[in-house]
Amino acid sequence: AVGGVTPQALNYITAGGGQDGHAYQYVLDGKVVGDLGKYGVKSPYGEDALSLAAGVAYRAQTINNQPDAAYLSGDLLATGGARSTLSTYRVAEAFAELRIPLLQDRPFAKDLTLDISDRFAQYSPQGSANAHNIGVEWAPADFVRFRSTLSRAIRAPNGHELFLSESLQQTGIADRCANDPVTGVPSASAAQCAHSGVTAAQYGNIPPAAGLNVLTGGNPNLKPAIADTVTAGLVLTPVELSRTLYFSVDYWRIKVNKYIGSLSPGDSLNNCLNLGDPVYCDLLHRDANGSLSIGNGAAAGRVIGTGLNTGSYEVSGIDFDGRYVLDTALLHLRNAGRISFQFYGSVAVDNVLQVVPGLAAFDCTGYYGPTCTGEGPTSPVPKWRHKLRTTWDLPGVFELSLNWRHIGAIASEFTSSSEHLQTSPPFAVDSHVPSYDYFDLDVDFDLNEHINLRAGVNNLLNKQPPLVGFTSNPLLVNGNMLASTYDTYGRYLFVGFSAKY
């Protein structure tokens, strides 16, 4: 009725909230670097001495976040109850790196060098971890060099991933074990719902709800992610053209275990119901009535959506890098400077994700979509992409460059043959994104020995980004655009200058 809203009720529905927080980081380190030649430490078959770098480091980060009463209560629209946070993590590390020239100026060994390094870290509260690397470079002659590395890297969770304030959020995913608002019965079977903690007495008596409670925020139980990397390649620099021609090709493979990510609440619910896998089912916490949707207090039902050490992913590819410098004098052009070509290209061999150990892996190479992006670490990965920069350099006057950026075609993951990715029928309008080509132009003038002027335009032809629907990629949509991969600004002009005296 008109006038039925009291001042007290109005204050309640228009209440605001705030959070006050900060992060402090303290770093202390020390290292020694030196050539051991003065101590006579070198290979009897090499000219250069061993070189060493070693040191220790200590870091501490404190995260402090204090929500006000409105946030703590969970009464704000679309926001569950937040929690206060005041936590610290610490890292103590020791490292050493050693470069050993084994052979130099020997038959079939112009240079043979070994690189070894190790870094031990003690994380509190996550425990200890060890990273290491061994690499070798072999140049049988001046014009060719082979190189390879085997390494292990550690990526520990940061302070926000560990301690970010937890809160309950609503998401628009219906619980299949709750009664359907139309039929009045659950859409999942009693056996399926039992996987998720629904008792026989609760089945058929869970009230319908439009969404799930999802717990978001930090997870202090996260462990470091571990990456094992293999690289192998060669570099060609023909002696006669060493100043004008360079080419390299490298194969690389990176496999990450205990990847720090999160599982979507819909996947957690559906995989628990369909598979009964405890990895997923342990993320479902029903309330006393069997609901995952009602309430926002400590006893409310919820799906855990915080950061987790999930499964693994493996990416591999082949990178090409080349450079050629043409002296215009060879074209019988006097005082015309030089023209250089710089090329970089990359072939994506695979981009395999295994979200949870034991489940089937799926390859996201050449695909985009909610699963590849939501459960993996990467943006869309086309099978081929490259850059070619052509530069005309007239020393002391100007430098003019045209850069060609090519992004290969990609397709919606819904068109994949993987059952894990076929979660929705593909839509014709965004089932495929064709290859994209961008051109950038920039110029650099030396007005005199003190003043430099530069200007340019990116996306010279004003090519518009592809548009995709929300269903095809809710996590990367950003105005229906794959913003992390394609230019979203259109034509972009810039200008700048610098003065040195």
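Predicted model: local features only at pLDDT ≥ 70, side-chain atom pairs only at ≥ 80, totals over all residues.
Residues are numbered from 1 along each chain as its sequence is written, and side-chain values use heavy atoms, with hydrogens and water left out.

Strands here are DSSP runs (E, at least two residues), numbered from the N terminus. Strand 21 (residues 410-412) and strand 22 run antiparallel and are joined by two bridges. Two strands count as paired if DSSP finds at least two bridges between them. Strands of a sheet pair through backbone hydrogen bonds, either parallel or antiparallel. Three strands make up this open sheet, in the order 18-21-22, with mixed pairing. Its edges are strand 18 (367-368) and strand 22 (432-433), each of which pairs on one side only.

The loop between strand 21 and strand 22 holds S431. Is S431 buried or exposed? S431 has a relative accessible area of 12%, so it is buried; buried means under 20% relative accessible area, exposed over 50% and partly exposed in between, using a 1.4 Å probe and protein chains only. Leaving aside residues up to four places away in sequence, S431 touches A411, S412, T415 and P426, where contact means heavy atoms within 4.5 Å.

**The second largest pocket**

The second largest pocket holds about 280 Å³ of space. Its lining has 15 residues, and the closest to the pocket centre are W252, S346, A348, V381 and P382. A pocket is, on a 1 Å grid over the protein atoms alone, an open set of points where a 1.4 Å probe fits, with protein on both sides within 12 Å along at least five of seven lines; lining residues have an atom within 4 Å of a point. Strand 15 (312-327) and strand 16 (338-354) are the elements that give two or more residues to this lining. Strand 16 gives the most, with five residues. By type, the lining residues divide into seven nonpolar, five polar and three charged.

**Salt bridges**

Side chains of opposite charge can pair when their charged atoms come close. How many salt bridges are found in the whole structure? The search finds 15, a salt bridge being a side-chain nitrogen of Lys or Arg within 4 Å of a carboxyl oxygen of Asp or Glu. Here are three of these pairs, with the distance between N and O atoms.

| Pair | N to O distance |
|---|---|
| R147 and D250 | 2.7 Å |
| R338 and D393 | 3.1 Å |
| R405 and D440 | 2.8 Å |

R338 is partly exposed at 38% relative accessible area, whereas D393 is buried at 14%. The pair of R405 in strand 20 (residues 398-407) and D440 in strand 23 (residues 436-446) links distant parts of the chain, 35 residues apart. R405 is buried, with a relative accessible area of 17%, and D440 is buried at 6%. Elsewhere, R147 is partly exposed at 30% relative accessibility, while D250 counts as buried at 17%. Finally, a network of salt bridges links R59, E93 and R119.

Technical notes: Helix = DSSP H or I, 4+ residues; strand = E, 2+ residues; numbered from the N terminus. Points joined across faces, edges and corners; volume = space filled by probe spheres on them. Nonpolar A, V, L, I, M, F, W, Y, C, P; charged D, E, K, R; others polar.
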